Amino acid sequence: MNVNEYPLFALSREHQEIRRVIREICDDKIAPAAAAVDEEARYPQEAHDALLASDFFAPHVPEAYGGVGADALATVLVIEEIARADVSASLIPAVNKLGSLPVQIAGSEELKRKYLGALAAGEGGFSYCLSEPDAGSDAAAQKTRAVRDGAGPDAGWVLNGTKRWITNAGASQFYTVLAVTDPEKRSRGISAFVVEKSDEGVSFGAPEKKLGIKGSPTREVYFDNVHIPADRLIGEEGRGFEYAMKTLDHTRITIAAQAVGVAQGALDYALGYVQERQQFGKPIASFQGIEFMLADMGMKVEAARQMTYAAAGRSERGDADLTFFGAAAKCFASDVAMEVTTNAVQLLGGYGYTRDYPVERMMRDAKITQIYEGTNQVQRIVMARQLLAGVQSNI
Ligand SMILES: Cc1cc2nc3c(=O)[nH]c(=O)nc-3n(C[C@H](O)[C@H](O)[C@H](O)COP(=O)(O)OP(=O)(O)OC[C@H]3O[C@@H](n4cnc5c(N)ncnc54)[C@H](O)[C@@H]3O)c2cc1C
């Protein structure tokens, strides 16, 4: 085989260029604000504005709907780079994809034109409302109800219920909301709808006081007799849960990207620090105990990155083993992020434990990647079921 035709596991020139551009934006606009965003627990408006101005606000929206049509790997690169600077800010493009993907997967042409178009134009962000106070891992046990608003095919819907832990709630204009339309059928009786922030009867709880990602607002969303027109139903009645799970197959890879990014950010910082910090008359980087820690951190970040990119390829192609790879990438990368950020704090010693250095924020931010879009226990259930069903890697 000609060496030039060899299928290198390397990024294309286009993907490398996307990484270069987003990294520059992060260095200039996002990283400098990250500590203040965390300290003040405020929305990262600088990041929001910079991402809108550079078309990285919702880069996944296809060109047909006014977006830039970034493929799954390009979207992963964007989110990874932002998370390297500030995980809170990386939730902007990540949640815009999560919230709008059900529309992209199953929505009517009109719904796609209207809402993907508005998202791409920067008219508002898109949030995803699946979880409820009593329905987390068991999301099909949700209670939010949607009932027909009158009779006939044009009858709209009335929504009542409470969603919990909704990322960017209040900041987003648009919401994909899962609601029970037939309580007899459990997951097959759940449908998906687009709800707008401005719809009468929509309101929000107080922001949650969290361990990390303090710049990403997490709030309850309340639906109190919210009347919406019939054409806000996404796809078919009773298939909402299926669309919601299919969405997660694709978007868990973006959580893996956040995990890789924050782990890389912590490793980068620690690498600089250990070469500067002197103890026993030498830089601490010269001690073998420290070298071994650095080597393990670098090795694991790179393994997580390769797995995440491999999963992104599967997302783009819609491969049969996407469900396994999405869960595996999210689970592995988030476990790596927790370990690497904790070790970065360790490498900085007492200084690492203070807010004067960024690694304690990174450690707090990393934790969420093991919890949301399905805890890592749930990811292991998903993977085991795929293995037992005989799903094989397509390579
Ligand atoms: C900051 C933040 C942002 C979020 N953003 C969103 C969002 O935008 N949209 C949205 O819909 N949701 C969102 N979530 C919700 C998130 O996805 C849920 O918190 C998560 O799925 C877990 O649900 P739970 O918190 O109810 O935990 P539970 O389901 O109560 O789980 C508690 C513990 O039990 C374990 N467990 C549960 N079932 C099993 C089992 N069968 N086997 C083994 N262990 C099990 C879990 O792994 C966990 O360790 C967010 C959560 C947070 C904290």
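This report looks at the ligand and its surroundings, and then at aromatic pairs.

## About the model

The model is predicted, so local features need pLDDT of at least 70 and side-chain atom pairs count only at pLDDT 80 or more, while totals for chains, interfaces and linings use all residues. Residues are numbered from 1 along each chain as its sequence is written, and side-chain values use heavy atoms, with hydrogens and water left out.

## Around the ligand

Let's start with the shell. The ligand is surrounded by 18 residues, each with a heavy atom within 4 Å of the ligand. Ser131, Ser137, Trp165, Thr167 and Thr375 are the closest. By type, the shell has 9 nonpolar, 7 polar and 2 charged residues (Asp, Glu, Lys and Arg count as charged; Ala, Val, Leu, Ile, Met, Phe, Trp, Tyr, Cys and Pro as nonpolar; the others, Gly among them, as polar).

E3 gives the most, with 3 residues. (Helices, of at least four residues, and strands, of at least two, are DSSP runs numbered from the N terminus.)

Which side chains have an N or O atom 2.6 Å or 2.9 Å from a ligand oxygen? For Thr375 the distance is 2.6 Å, and for Gln377 it is 2.9 Å. A polar backbone atom of Leu130 also lies 2.9 Å from an oxygen atom of the ligand. (A polar contact is a pair of N or O atoms within 3.5 Å.)

## An aromatic pair

There are 10 aromatic pairs in the structure (ring centres of Phe, Tyr or Trp, using its six-membered ring, within 6.5 Å; planes under 30 degrees apart are stacked, over 60 edge-to-face, the rest tilted). One of them, Tyr115 with Phe126, is edge-to-face, at 6.4 Å centre to centre and 75 degrees between the planes. Tyr115 belongs to helix H5 (residues 109-120) and Phe126 to strand E1 (residues 126-129), so this pair ties together parts that are 11 residues apart in sequence.

Methods: A polar contact is a pair of N or O atoms within 3.5 Å; within protein, one must be able to donate a hydrogen and the other to accept it, and residues adjacent in sequence count only if both atoms are side-chain atoms.
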